[in-house]
Amino acid sequence: MTELPGRTPQTPIAVNVEMWFEGSFVERIEQAAALGFPAIELWSWRDKDLAAGAEALRKHDIIATQFTAWGFGQQINDPAFPKEDFVAEIAAACEAAEILPGCERFCVVGGDNVPGLTKEQMHASIIEKLRAAVPVLEAKRKMIILEPMNPYNHPGHCLYGSADGIAICEAVGSEWVKLNWDLFHMQRYEGNLIDNLEKGKEWIGYVQFADSPARNEPGTGEICYSEVFRKVRELGLPLPLGAECLPKGGDARRAAERLYRVDLESA
């Protein structure tokens with residue numbers, strides 16, 4: 001096995017530094033570099049020293065693919081929440097993304113159910129706010145990637161699966177608003193991964209993965225990721241892919257080695 005298993009042979013990977021490593025933002029980047037990963041992803045940017053992180057990324061010739069600009073809550077999907085507040089936070093996220101090398105997109109989470117509102121009402125609120133943010137995204141050339149979840153890990157959420165995610169993106173109608181297509185959530189909610197990747201490819205802005213059901217690295221669960229990785233490349237979907245998975249047993253090197261083998265088999 002290679003000394004740098006994160007340098008996968010077929011499919012470049014952005015390792016999620018929140019789930020794989022411990023320590024400061026810079027220390028996590030250093031650990032990603034030690035395994036050979038060419039890219040990282042992160043969750044919240046507001047608790048990070050972005051300038052120090054950017055310096056560490058450049059030192060190791062690593063990019064940041066995306067971070068979470070808007071997390072869980074009951075605001076984006078609530079018509080009573082001002083769309084101007086959402087747009088202001090997206091504008092701040094655009095500025096944050098400018099600091100991190102290679103960062104052209106950020107994740108938005110659809111929100112937990114708001115009592116008294118139907119799914120249709122909540123989705124209409126999401127559409128309204130995403131539309132309002134489009135001029136900022138166009139000006140800054142940054143992409144929102146909206147993430148559908150699954151009801152087993154995230155009960156009481158308002159956005160599950162590819163069909164509703166695509167419908168929201170189609171209603172917004174902008175190349176700057178697409179989906180964070182998390183294969184872990186898609187497997188748990190609807191399965192049929194390869195066929196749905198092909199059907200939804202127009203609206204896929206980013207692809208994340210974890211094996212199901214335990215959310216560990218590929219090779220530890222039920223998904224044949226060598227076939228999925230092959231299809232992702234065949235479809236020309238955005239790369240790197242995001243490794244938003246928990247290393248089994250907390251062993252990051254072992255997880256990277258499993259990932260390397262799965263990707264090797266995808267040739």
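Glu-89 counts as buried, because its relative accessibility is 18%; buried here means under 20% relative accessible area, exposed over 50% and partly exposed in between, for a 1.4 Å probe and protein chains only. The structure is a predicted model, in which local features need pLDDT of at least 70 and side-chain atom pairs count only at pLDDT 80 or more, whereas totals for chains, interfaces and linings use all residues. Residues are numbered from 1 along each chain as its sequence is written, and side-chain values use heavy atoms, with hydrogens and water left out.

Side chains of opposite charge can pair when their charged atoms come close. The structure holds 14 salt bridges, each defined as a side-chain nitrogen of Lys or Arg within 4 Å of a carboxyl oxygen of Asp or Glu. In one of them, Glu-89 is paired with Arg-46, and the closest N and O atoms are 3.1 Å apart. This pair links distant parts of the chain, as Glu-89 belongs to helix α4 and Arg-46 to the loop between β2 (39-41) and α3 (50-59), 43 residues apart. Helices (H or I, at least four residues) and strands (E, at least two) are DSSP runs numbered from the N terminus. Arg-46 is exposed, with a relative accessible area of 52%.

Lys-231 takes part in two of the pairings described here. With Glu-198, the closest N and O atoms are 3.8 Å apart. With Glu-234, the closest N and O atoms of Lys-231 are 2.7 Å apart. Lys-231 and Glu-234 are separated by about one helical turn, because they lie three residues apart in helix α9. Lys-231 is buried at a relative accessible area of 12%, Glu-198 is partly exposed at 37%, and Glu-234 is exposed at 56%.

Helix α5 (residues 119-140) has 22 residues and should span 32 Å at 1.5 Å a residue; its end C-alpha atoms are 31 Å apart, which agrees. The expected span is 1.5 Å times one less than the number of residues. Among the buried residues of α5 are Met-122, His-123, Ile-126, Leu-130 and Leu-137. The buried residues of this helix pack against α4 (83-99), β5 (105-109), β6 (143-147), α6 (161-172) and β7 (177-182), where contact means heavy atoms within 4.5 Å. After α5 comes Arg-141, with a positive phi near 55°.
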